[in-house]
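I opened a notebook for this structure and wrote down what I looked up, entry by entry.

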Amino acid sequence: FGEVFPNSEATFAGGLARALAGKPVRVDAFWTTLPSGRRVCLRCEATPWRRADGGIGGLLLFVFDLTPMQEALERSRNVERRLKIATSIADVHVFEVDYATQMITRDGAENTFFDDPPTFEMIAADPFCGVHEKDRERIMREVLEAADQGRTHSSEYRVRRTDDKEIWAFSAVDFDLAADGQLSNAVFALQNVTR
């Protein structure tokens, strides 16, 4: 094992001994360097196999290369980190509505726009619930045109608030439609342009 995965003896010595004693073991993710010099993230499982007399005859080792998935997760974490920093500096509010999980992910300056932020249920019932009634018809028309043309929509409008304070937003929205034409995901970015 050490020849294939150098510097892994410390990680696996105890686990391999337990597997040889009859207990399957699993390491979900560990980073190592292969003899080729390539750094990889692996999931390893060791399961004992038994001889006809019931004694342990050896181990079955399963090794899965998780490197592409782990690298993608790391890139995703880095992008999320940069987004959080950018939204805090720029006083921008970014939120994503995921219709499959029925969740909203929010980052940035939400409180500069909404005194009563829309919930998932509100947005699912009316995707334009955050738009002030005076701008609603225009924004609905513009968004539908953008959807027909397969492009991101951006515009300025007043935000719906319960306290009648006038807040203007420059907004961009990108969305995905499911095969049946229904919204599956939407990402919104709002910048306060009231001044």
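Contact means heavy atoms within 4.5 Å. Axes are lines fitted to C-alpha atoms, for helices over the stretch in contact, and angles between N-to-C directions run from 0 to 180 degrees. Helices (H or I, at least four residues) and strands (E, at least two) are DSSP runs, numbered from the N terminus. Two strands pair if DSSP finds at least two bridges between them.

I also note the source. The model is predicted, with local features needing pLDDT of at least 70 and side-chain atom pairs pLDDT 80 or more, while totals for chains, interfaces and linings use all residues. Residues are numbered from 1 along each chain as its sequence is written, and side-chain values use heavy atoms, with hydrogens and water left out.

Entry 1, the three-stranded sheet.
I looked up the strand order and found an open sheet, β1-β2-β3, with antiparallel pairing. Its edge strands are β1 and β3, each pairing on one side only. From one strand to the next, the twist averages 30 degrees.

I then went through the pairs. Strand β1 (residues 25–33) is joined to strand β2 (residues 39–50) by seven bridges. Threonine 32 has valine 40 of β2 opposite. The hairpin of β1 and β2 has five residues between the strands, and glycine 37 there takes a positive phi near 95 degrees.
Between β2 and strand β3 (residues 56–65) I found nine bridges, again antiparallel. Two positions I noted in β3 are glycine 58, opposite tryptophan 49, and aspartate 65, opposite leucine 42. The hairpin of β2 and β3 has five residues between the strands, and glycine 54 there has a positive phi near 95 degrees.

Entry 2, the five-stranded sheet.
Here the order is β5-β4-β8-β7-β6, in an open sheet with antiparallel pairing. At the edges stand β5 (103–108) and β6 (153–158), each with a single partner strand, so one side of each has no neighbour in the sheet. The twist averages 20 degrees from one strand to the next.

Strand β4 (residues 92–98) runs antiparallel to β5, and six bridges join them. Phenylalanine 95 has arginine 106 in β5 as its bridge partner, and histidine 93 stands opposite glycine 108 in β5. Four residues lie between the strands in the hairpin of β4 and β5, where glutamine 102 takes a positive phi near 55 degrees.

Which strands does helix α4 lie across? I found that α4 (residues 133–149) lies across β6 and β7 (168–177), running at about 175 degrees to β6.

My working definition uses a 1 Å grid over the protein atoms alone: a pocket is an open set of points where a 1.4 Å probe fits, with protein on both sides within 12 Å along at least five of seven lines, and lining residues have an atom within 4 Å of a point. Grid points are joined across faces, edges and corners, and a volume is the space filled by probe spheres set on the points. For classes, Ala, Val, Leu, Ile, Met, Phe, Trp, Tyr, Cys and Pro count as nonpolar, Asp, Glu, Lys and Arg as charged, and the others, Gly among them, as polar.

The largest pocket has a volume of about 500 Å³. It is lined by 27 residues, and those closest to its centre are Pro127, Phe128, Val143, Leu183 and Phe188. The elements giving two or more residues to this lining are α4, β6, β7 and β8 (183–192). Helix α4 gives the most, five residues. By class I list 21 nonpolar, five polar and one charged.

The second largest pocket has a volume of about 200 Å³. Its lining includes His132, Arg136, Arg158, Asp164 and Glu166. The largest share of that lining, three residues, comes from α4.

Rings of Phe, Tyr and Trp (its six-membered ring) pair if their centres lie within 6.5 Å; planes under 30 degrees apart count as stacked, over 60 as edge-to-face and the rest as tilted. I found three aromatic pairs in the structure. One of them is tyrosine 99 with phenylalanine 120, edge-to-face, at 5.7 Å centre to centre and 65 degrees between the planes. This pair links distant parts of the chain, 21 residues apart: tyrosine 99 is in the loop between β4 and β5, and phenylalanine 120 is in helix α3 (residues 120–125).
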